[in-house]
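Here is a short briefing to read alongside the model. Keep the structure open while you go through the points.

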Amino acid sequence: MEFTPANKDKFEAIVKRYPVRRSALLPALYIAQEQEGWLTTEAMEYVASLLDLSVAQVHDTATYYTMFRFGPQGKTLIEVCTTLSCWLAGSEALLGSTCSKLGIKEGGTSADGKFSVRRVECLAACGGAPAVQVNGEWLERATEADIDRLLAGEPVKRAFDWPKSPAESPAPILFRNVWKDRSTSIETYRAGGGYANLKKHLSMTPDEVVDTVKKSNLRGRGGAGFPTGLKWGFLPKDNPKPRYLCVNADESEPGTYKDRVIIEKDPHQLIEAVVVSSHGIRAKTAFIYIRGEFHEGFRTLEGALQEAYAAGYVGKDILGTGVDVEIVIHRGAGAYECGEETALIESLEGKRGQPRLKPPFPATHGVYGCPTIVNNVETLVCVPLILDRGADWFASYGVEKNGGPKLYSISGDVLRPGSYEAPSGKVTLRQLIYDYAGGMRNGRKLRAVVPGGSSTPVLTADEIDVGMDFDSLAKAGSMLGSAGTVVLDDSRSMVSLARNLTAFYKHESCGKCSPCREGTGWMLRLLERVEAGKGEEKDLTTLAQVCDSISGKTLCPFGDAAITPALSTMAKFREEYEYYIREKGSWQRLAPTFEEAKRRGPHTAHSSQSSQSEESPQSTVGTR
Ligand SMILES: Cc1cc2nc3c(=O)[nH]c(=O)nc-3n(C[C@H](O)[C@H](O)[C@H](O)COP(=O)(O)O)c2cc1C
Ligand code: SF4
Ligand code: FES
């Protein structure tokens, strides 16, 4: 096997973009898979020969990623997300019915070879739940009728219709272009003032850029809220090696779908931000690491990058300023862990996306062992704003120590899920749910909220009068994280919430350290048992012990994230766990009597519904 002449050219053009050839491994595997239909042994041998790697190295890397296939599959690949927001919207049932219509099991291919159906984890389409991808194209808010049309051979696509913020003022800043016609084109971006100040910003000295960002107190939007200027200041002054900027566009935290809006709707905003930020940190090359599932985002960004190169906004001697910045868009291939900065770097180097031990930190030892800064998409698009409008403006736009505009994604049991912009922290969780997202669906009451993405502790309905900023949520015992809010109404089981997210973490554990690799499996088994009404009292003690054996004992923060859904629901909704165990039932059977039993105290026997069916469509999780 070898590449077709066109694919050889494509590969040669790609390999030249990287300082180290192995970085072209994922792109080469994509080309091979597209050409052959799947990664045959011959294809992997061929790719190995192209990159001077052993077949074992290629196989080892390829098998880490969920988007590479090692056997034939149907012409149409239907991928159904079953993570929290999609699961709340009934995606388990949709996955099950799609498989039964085709007479296959999940992961299988129809007898005529036309369709394959797979379960996938959060696609960053949580507002468009249940989210499906069909050969990589969005089918959001998917219905049974959509699937029927699809199986009948009709092409069915539907991307999320991003709702505008209901707040009339202030006008959106980061989302200023999103609803414009042809919002992705360079003309539209320029007409809105885009690139107008690029020359001025590139004429500032890098130190001036860094100092202004420091003064603005911009805090990273990727999850930790770490001050960006301070991070940039960690780059060693005397290291002669090249410096790199890595843009974290891996957006995979369940509940979070905000970077996607910028990538798909306003890619030039990101490109300009990357150029200016690279200048600030003295990097001549920036990599945009975009998650593999962002097929549309990748195409959009590639198109915009070509336009930007042609217009002289990227490349050598940009606008005659003497500043050189090359941008390389690098696609991931399906792995949540690649959002962690050192795993992202490993993946960019053409390896399994598993984290490195820190220290050393990327600022000193990053991509190819060189000084590297990893920043989130939303963080970086704040940089040109800061330079345009001033550090003081940015710092005071929002609440104290949480400056700037902020993007909030909200999904789950609300009327108007969406990604909304507001001055950081000037919106409370209550306002986000009731004013921005239109309140609860189906006239139900609020039961719980995951405020900032799956790794953040749940809050109860009584805890939502809290500002949506890093410090206020930390004070309230949770975290802002990546600001991906998932709302659950009073019909929802907290045990099921924990089970669903634990299944996500078990699936996504990179397997490098045993507490996380083994512990997430143990947690899932225990939670499944409780959820199925087969739990015993000691299971809760065991669950807490397993969490304790993970907490603080893993190589990367994934471990602590993975135990958060179980620990926080056990802490805040303990009675529900105990009720499951005492009454030995599914949520479908227990829910109608739970509140009354809770009011009457812990020893109330459950009786009337005990003969009802144990089948609950919400309580089944497939094996992975
Ligand atoms: C398991 C895990 C997943 C992560 N996923 C993302 C992600 O999808 N996007 C992101 O920007 N940061 C993610 N992060 C945080 C990054 O490691 C890193 O802190 C961030 O990109 C830094 O950017 P910032 O300083 O601009 O926030 C993740 C961290 C962990 C531990
Ligand atoms: S904590 Fe989990 S994801 Fe992180 S290195 Fe260990 S196994 Fe991998
Ligand atoms: S896209 Fe399904 S949970 Fe995020």
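Both faces of strand 11 are covered: P405, L407, S409 and S411 on one side, and K406, Y408, I410 and G412 on the other, are all buried. Here a residue is buried if 20 or more other C-beta atoms lie within 10 Å of its own, exposed if 12 or fewer, and partly exposed in between, with C-beta atoms placed from the backbone. In a regular strand the side chains alternate between the two faces of the sheet. Please bear in mind that this is a predicted model, in which local features need pLDDT of at least 70 and side-chain atom pairs count only at pLDDT 80 or more, while totals for chains, interfaces and linings use all residues. Residues are numbered from 1 along each chain as its sequence is written, and chains are lettered from A and ligands numbered from 1 in the order in which they are written.

- Helices (H or I, at least four residues) and strands (E, at least two) are DSSP runs numbered from the N terminus, and two strands pair if DSSP finds at least two bridges between them.
- An open sheet of 5 strands has the order 12-11-15-13-14, with mixed pairing.
- Strand 12 (418–423) and strand 14 (459–460) are the edges, each with a single partner strand, so one side of each has no neighbour in the sheet.
- Helix 18 (residues 429–436) packs on this sheet, touching strand 11, strand 12, strand 13 (446–450) and strand 15, and its direction makes about 65° with that of strand 11.
- For that packing, contact means C-beta atoms, placed from the backbone, within 7 Å; axes are lines fitted to C-alpha atoms, for helices over the stretch in contact, with angles from 0 to 180 degrees between N-to-C directions.
- Strand 11 and strand 12 run antiparallel, joined by 6 bridges, and a hairpin of 5 residues connects them; K406 has A422 as its bridge partner in strand 12.
- With strand 15 (residues 484–489), strand 11 (residues 405–412) pairs in the parallel sense over 4 bridges; S411 stands opposite V486, and the bridge partner of G412 is V487.

- Strand 5 pairs in the parallel sense with strand 6 (residues 285–290) over 6 bridges, where C246 stands opposite F287.
- Strand 5 also pairs in the parallel sense with strand 8 over 5 bridges, and N248 has N376 as its bridge partner there.

**The two ligands**

- A residue counts as near a molecule if its C-beta atom, placed from the backbone, lies within 6 Å of it.
- Ligand 1 is surrounded by 24 residues, the closest being G220, G222, G339, N376 and T379.
- Strand 8 (372–376) and helix 23 (558–572) each supply at least two residues of the ligand 1 shell.
- Domain 3 (186–396) and domain 5 (494–619) both give residues to the shell around ligand 1, so ligand 1 lies between them; the domain bounds come from an automatic or database domain assignment.
- Ligand 2 is surrounded by 15 residues, the closest being C510, C513, C516, T554 and C556.
- Helix 21 (514–531) and helix 23 each supply at least two residues of the ligand 2 shell.

How values were computed:
Two residues are in contact if their C-beta atoms, placed from the backbone, lie within 7 Å.
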